[in-house]
Amino acid sequence: MKRSTSRLFVWSARLAAALVLALGAVVLYANIVWSRPVSAPRPPIVADTSPAAVARGAAIFHSTCEVCHRAAGAERASGAQLTEAPAFLGTFHAPNITSDPAAGIGAMADEDIARVIRFGVGVHGERRLMPTYAMGDADVAAVLGFLRSADPMFRPDPQTQPVSRPSVLGKTLLVVAGAMAVPRRPASGVAVPAKADSVAYGRYLAHDVFDCVGCHTPGYSESKVSGPDAFSGGAEFRDPSGGTLLSKNLTPHETGLAHYDRDDLGRALRKGQRPDGTPLSTPMPVFAGLDDVDVSALYTYLRSVPARPAPKGAETPRGARVSAK
């Protein structure tokens, strides 16, 4: 009996040691990947400063970029701490993107900014901790046009933001999940679908422009956006009080948007309000620049995705009325 117990102890100790070594190897690998420069092409895209393009770029910027790069109450896009990220992942800061040549993007070439937008790769090959966007060339050029505009938000500001410092666990999770991999997509030649109330244009907005799918799908992997849980909610964020908030289900399920009509979705997106008038939870941005075609296309697309139940603990959108639409 003693001999059997001794053998069990020895094998348990060996297993524990093997697990510790395996975990150490994974952590070491994650740190190597994290510090290693990556390569990505510089998209040959330059700023479109025509009035129509600047207006389009402003609508995209205010809906997608401003929430991270402009601190609450600030006049300029001087960067900010990203307090919505779960604390166990580390501390993260969005950089200054004013026209300041040193602290901001004033000295960056259009092609380098386009590479950050499309691939998440900086001038020196550093992987930027931000979502990447597969938006078409014309929309990237429009965003660049707005960034280069005379809008007061981009007046030079010498303020610099601290470097983002992910935790050891954060680095390991993000690397293992594939979130640090450079997306495989063309450097140029990406077309913008025709603007219409269509599934194609709605999908483009939800996936490639506003990244709705990234925030409303659980997990950290880049591949999650095409997986079986896409749009079902459950991505984890930190609310202003420090608590945990899970994103909402956007599929046409009873725990999602089954009873939202186009007007309900438009009110949520453009005013940040539920159908009953109560405010949506942060960090949900307000997409004030969306027009009726954008809202209709998003609604049409979200009604076309498979209905999936919300993960346990995710808040069900409330206040919606049953609609025949």
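Glu75 touches Arg70, Pro152, Met153 and Arg155 when residues up to four places away in sequence are not counted (contact: heavy atoms within 4.5 Å). The model is predicted, so that local features need pLDDT of at least 70 and side-chain atom pairs count only at pLDDT 80 or more, whereas totals for chains, interfaces and linings use all residues. Residues are numbered from 1 along each chain as its sequence is written, and side-chain values use heavy atoms, with hydrogens and water left out. Glu75 is found in the loop between H2 and strand S1 (80–81); helices (H or I, at least four residues) and strands (E, at least two) are DSSP runs, numbered from the N terminus. With 58% relative accessibility, Glu75 counts as exposed, where buried means under 20% relative accessible area, exposed over 50%, and partly exposed in between (1.4 Å probe, protein chains only). The C-alpha atoms of Glu75 and Pro152 are separated by 7.7 Å, although the two are 77 residues apart along the chain.

His69, found in helix H2, counts as buried at 13% relative accessibility. Beyond its neighbours within four places in sequence, His69 is in contact with Arg76, Ala77, Ser78, Gly79, Ala94, Pro95 and Ile97.

Helix H6 (residues 199–209) is mostly covered, with 8 of its 11 residues buried. Among these buried residues are Tyr201, Tyr204, Leu205 and His207. The cover of the buried residues of H6 includes helix H2 (51–69), helix H4 (137–147), helix H7 (212–215) and helix H9 (292–304). H6 is followed by Asp211, whose phi is positive, near 55 degrees.

The structure holds 6 aromatic pairs (rings of Phe, Tyr and Trp, the last by its six-membered ring, with centres within 6.5 Å; planes under 30 degrees apart count as stacked, over 60 as edge-to-face and the rest as tilted). The rings of Phe146 and Phe154 have centres 5.1 Å apart and planes at 80 degrees, so this pair is edge-to-face. Phe146 and Phe154 are buried, and ring pairs link Phe61, Phe146 and Phe154 into a cluster. Phe210 and Phe287 also form an edge-to-face aromatic pair, at 5.2 Å centre to centre and 75 degrees between the planes. Because Phe210 lies in the loop between H6 and H7 and Phe287 in the loop between helix H8 (262–271) and H9, the pair ties together parts that are 77 residues apart in sequence. Both Phe210 and Phe287 are buried.
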